[in-house]
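User: Please walk me through this model, one point at a time.

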Amino acid sequence: HGFMLVLGIETSCDETAVAIVKDGTKIVSNLVYSQVAIHRPYGGVVPEIASRKHIETILPLLEQALHQKNIKLSEIDVIAVTQGPGLVGALLVGICIAKAIAFALNKPLVAINHLEAHLMAIFLEQKPLFPFIGLVVSGGHTNLYLAKDFLEIKQLGQTLDDAAGEAFDKVAHMLGLPYPGGISIEKLAKEGSPNIKFPRPLLNKNNYHFSFSGLKTAVANYLRHHPSFCKADVAASFQQAVVDTLVTKAVQAVKDHLLPRLVVAGGVAANQCLRKKLLAISQKEDIKVYFPSPALCTDNAAMVAALGYHHFKAHNIADFDFDAISRYPV
Ligand code: KG4
Ligand code: ZN
């Protein structure tokens, strides 16, 4: 055929995901099996359970992705799999399957950085011009990037402690809200007002690093000192503090680099309060802000396949002996 079909496989955390993407931009199938309900009783992801569930789910999901669109595995041109960062045991499930398919069918294999894939999810829906500033806000990461091209992504800053999503999850837990906390807090915040002054942890103004653990502690202290606190107000105030911090740093990066384009991705990018604030600023400041639709903000394999296409084009083919990378050195 005159086009390229990339199979994406993603198992870095608690979502088992398989996708088929055509020419790096068009989603053919995109299936995500979320383990959230399984981990909810534990208040967070249990690594061993995640790995076991990936093993059970990945092959049926792959079959479904192919069957749904009447595609044979032999019609796949490239296999792209998340190499990291993430839980090692979970990553290894996807990597083993990807290697097995690539070996059996004699197809090229590409290894993908999950965070870079988040940033490239936008190309499944829109076409931002390079270079742009990228903000990836997920459960494990809060990173700012300068993206010069698909394969030229430079990290500008990161969180020095908790990730933004992690802070949402931990504060939700303090408030007795279900895991994952982002959605729970967003929902409750709609009923409250952001009238509690929590800190905006911007750290040093001269860098692009984040820190959210102090904010989390400030919320814990507030709850201790105000036994009859209003849950919805705490949720709204905490959310506002996170959003203000993310927006300030991202806009600072945009201005410093004289780049009027910002791409926001990762699970927290699904947050409506963050989206609204960034859109308001974009109108005022003449910055174009790009968000993937919420389903492409959270973990999926279409983004892995999308970036995989560009790795393949650049002949970045992985050897069969590559390993999972739990954390990348900065
Ligand atoms: O990108 P993602 O699906 O998985 C990781 O790679 O970590 O992000 C998951 C994180 C969780 O911490 C979750 O609480 C947060 O994204 N999240 C949200 C929202 N939806 C998911 N945070 C704030 N508002 C949301 N609507
Ligand atoms: Zn993710």
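Predicted model: local features only at pLDDT ≥ 70, side-chain atom pairs only at ≥ 80, totals over all residues.

User: Which hand does the crossing of α6 and α8 have?

Analyst: Helices here are DSSP runs (H or I, at least four residues; strands are E, at least two), numbered from the N terminus. The axes of α6 and α8 sit 8 Å apart, at an angle of about 115 degrees (lines fitted to C-alpha atoms, for helices over the stretch in contact, with angles from 0 to 180 degrees between N-to-C directions). That makes the two roughly perpendicular (65 to 115 degrees; under 35 is roughly parallel, over 145 roughly antiparallel, the rest oblique). As for the hand of α6 passing α8, it's left-handed.

User: Which residues in α6 meet α8?

Analyst: Contact here puts C-beta atoms, placed from the backbone, within 7 Å. By class, the α6–α8 contact has seven nonpolar, one polar and two charged residues (nonpolar: Ala, Val, Leu, Ile, Met, Phe, Trp, Tyr, Cys and Pro; charged: Asp, Glu, Lys and Arg; polar: the others, Gly among them). On the α8 side you've got K231, A232, A235, A236, F238 and Q239. Facing them from α6 are I185, E186, L188 and A189.

User: At roughly what angle do the axes of helix α5 and helix α6 cross?

Analyst: Helix α5 runs over residues 164-174 and helix α6 over residues 181-189, and their axes come within 7 Å. The crossing is left-handed. α5 and α6 are therefore roughly perpendicular to each other, and the angle is roughly 65 degrees.

User: Which residues of α6 make the contact with α5?

Analyst: The residues of this contact split into four nonpolar, five polar and one charged. From α5 come G165, F168, D169, V171, A172 and H173. Their partners in α6 are G181, G182, S184 and I185.

User: What is phi of N106 near?

Analyst: N106 lies in the loop between α3 and β5 (109-113). Most residues other than glycine have a negative phi. N106 has a positive one, near 55 degrees.

User: Which residues are the closest to ligand 1?

Analyst: The shell holds 20 residues (near means a C-beta atom, placed from the backbone, within 6 Å), dividing into six nonpolar, 10 polar and four charged. α5 and α6 each supply at least two of the shell's residues. The shell also draws at least three residues from each of domain 1 and domain 2. The closest are G139, G165, G182, G267 and N271.

User: Which helix gives the largest share of the side of domain 1 that touches domain 2?

Analyst: Domain 1 is 5-119 + 297-313 and domain 2 is 129-291, with bounds from an automatic or database domain assignment; 27 Å separate their centres, taken over C-alpha atoms. The contact takes 15 residues from domain 1 and 22 residues from domain 2. On the domain 1 side, α1 (36-39), α4 (114-120) and α11 (302-313) each supply at least two residues. The largest share, four residues, comes from α4.

User: How does α8 pass α9, in a left-handed or right-handed crossing?

Analyst: Helix α8 (residues 231-256) and helix α9 (residues 272-285) have axes that come within 10 Å and cross at roughly 35 degrees. Q239, V243, L246, V247 and V251 in α8 meet C273, L274, K277, L278, I281 and E285 in α9. Those residues divide into eight nonpolar, one polar and two charged. The crossing of α8 and α9 is right-handed.

Notes. Residues numbered from 1 in each chain as written. Chains lettered and ligands numbered in written order. Left-handed = near helix turned anticlockwise from the far one by under 90°. Contact = placed C-beta atoms within 7 Å.
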